[in-house]
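Here's a quick briefing to go with the model on your screen. Have a look at the helices first, then read on.

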Amino acid sequence: MPTVRSGPVIGLTAQLVVLATLAATVGLDTAGWLAGVGYAAVTCLALSRGLHLSGASRLGPADRVTLARGVLVGAVTALVVDSFDRPTPVGLLVALSAVALLLDAVDGQVARRTGTASALGARFDMEVDAFLILVLSVYVAPTAGSWVLAIGAMRYAFVAASAVLPWLRGTLPPRFWRKVVAAAQGVLLTVAAARSLPEPWTTLVLVAALALLIESFGRDVAWLWRRRPAPRPARPLLPVPAPTLPVPRPALAARSGGTVHSDWRPR
């Protein structure tokens, strides 16, 4: 019987409490509820599977901070989906996004100070960041233009491409600039979501975010391309032996009337 790990279940419970609080205060329609609950369920299942595969029995201190960020992202997801049918409280959405971004700087420090950094924690942190960027780009796109969706979809497009191109699955070296660009996406999208800047400035902010992302992904793809495994040479085909034909042998010559006649017969 699989072990039930309390960390993901606590996160699921906290997400439901936050969604209920949103519904009781600012209101949340059915679509928002479904989006929030669906996000929480997928997060719980994925995190439980990650703990099982890593052999860990519980979340570390930094993972708990990331889980709190994930709950905030779930609330942002519910508000964004809710905004499709009615106006959403922009101030609340921006505040939740800003706190989630601030906590992104906390979980890494906690992992280093407690010596609990792990591959699972890094992956969990990355997935929460990527989904927040996707959700914010979906929220900003109706007013700024559908091209903004490229910001949120780029990381998932990279994952999809790596399923087809194995050389994209190579291990990238740590690069501080990559972390800066990832953090900048959330900040710039939150600024755009706040709608506090004139439209031309908002467009400029989003163009800068996309340009930074293209540069960062482009550099990583170029690095992986240069170090892709060389194709294996094709095995040479072995020569096919020619079929052996029967070799005729001469029969004894028979003299007849002074003329020699040769009779060639197969063996």
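How are H5 and H6 oriented to each other, roughly parallel or roughly antiparallel? This is a predicted model, and in it the axes of H5 (residues 119-144) and H6 (residues 149-164) cross at roughly 150°. That is over the 145 degrees cut-off, so H5 and H6 are roughly antiparallel to each other.

**H5 against H6**
- The two axes come within 7 Å, and H5 passes H6 in a left-handed crossing.
- On the H5 side, the contact is made by Arg123, Met126, Glu127, Ala130, Phe131, Ile133, Leu134, Ser137, Val138 and Ala141.
- H6 brings Leu149, Ile151, Gly152, Ala153, Arg155 and Tyr156 to that contact.
- Sorted by class, the contact of H5 with H6 has eleven nonpolar, two polar and three charged residues.

- Ser137 sits in helix H5 and has 0% relative accessibility, so it counts as buried.
- Skipping neighbours within four places in sequence, Ser137 is in contact with Val148, Leu149, Gly152 and Leu189.
- Two of those partners, Leu149 and Gly152, are also listed among the H6 residues that meet H5.

**H7 and what covers it**
- Helix H7 (residues 176-194) has 19 residues and reaches 28 Å from first C-alpha to last, close to the 27 Å expected at 1.5 Å a residue.
- Its buried residues are Val181, Ala184, Gln185, Gly186, Leu189, Thr190, Ala192 and Ala193.
- As a reminder for reading that list, an α-helix has 3.6 residues a turn, so residues three or four places apart point the same way.
- The cover over the buried residues of H7 includes H4 (90-114), H5, H6 and H8 (199-226).
- Just after H7, Arg195 takes a positive phi of about 55°.

**H1 against H3**
- Helix H1 (residues 6-25) and helix H3 (residues 61-82) pack at about 35°, with axes 9 Å apart.
- H1 passes H3 in a right-handed crossing.
- By class, the contact of H1 with H3 has nine nonpolar, five polar and no charged residues.

**Ala46 in H2**
- Ala46 is found in helix H2 (residues 30-54).
- With 48% relative accessibility, Ala46 counts as partly exposed.
- The C-alpha atoms of Ala46 and Pro8 are separated by 8.8 Å, though the two residues are 38 residues apart along the chain.

Terms used. Residues are numbered from 1 along each chain as its sequence is written. This is a predicted model: local features need pLDDT of at least 70, side-chain atom pairs count only at pLDDT 80 or more; totals for chains, interfaces and linings use all residues. Side-chain values use heavy atoms; hydrogens and water are left out. Axes are lines fitted to C-alpha atoms, for helices over the stretch in contact, and angles run from 0 to 180 degrees between N-to-C directions. Helices (H or I, at least four residues) and strands (E, at least two) are DSSP runs, numbered from the N terminus. Angles under 35 degrees count as roughly parallel, over 145 as roughly antiparallel, 65 to 115 as roughly perpendicular and the rest as oblique. A crossing is left-handed if the near helix is turned anticlockwise from the far one by less than a right angle, and right-handed if clockwise. Contact means heavy atoms within 4.5 Å. Ala, Val, Leu, Ile, Met, Phe, Trp, Tyr, Cys and Pro count as nonpolar, Asp, Glu, Lys and Arg as charged, and the others, Gly among them, as polar. The expected span of a helix is 1.5 Å times one less than its number of residues. Buried means under 20% relative accessible area, exposed over 50%, partly exposed in between (1.4 Å probe, protein chains only).
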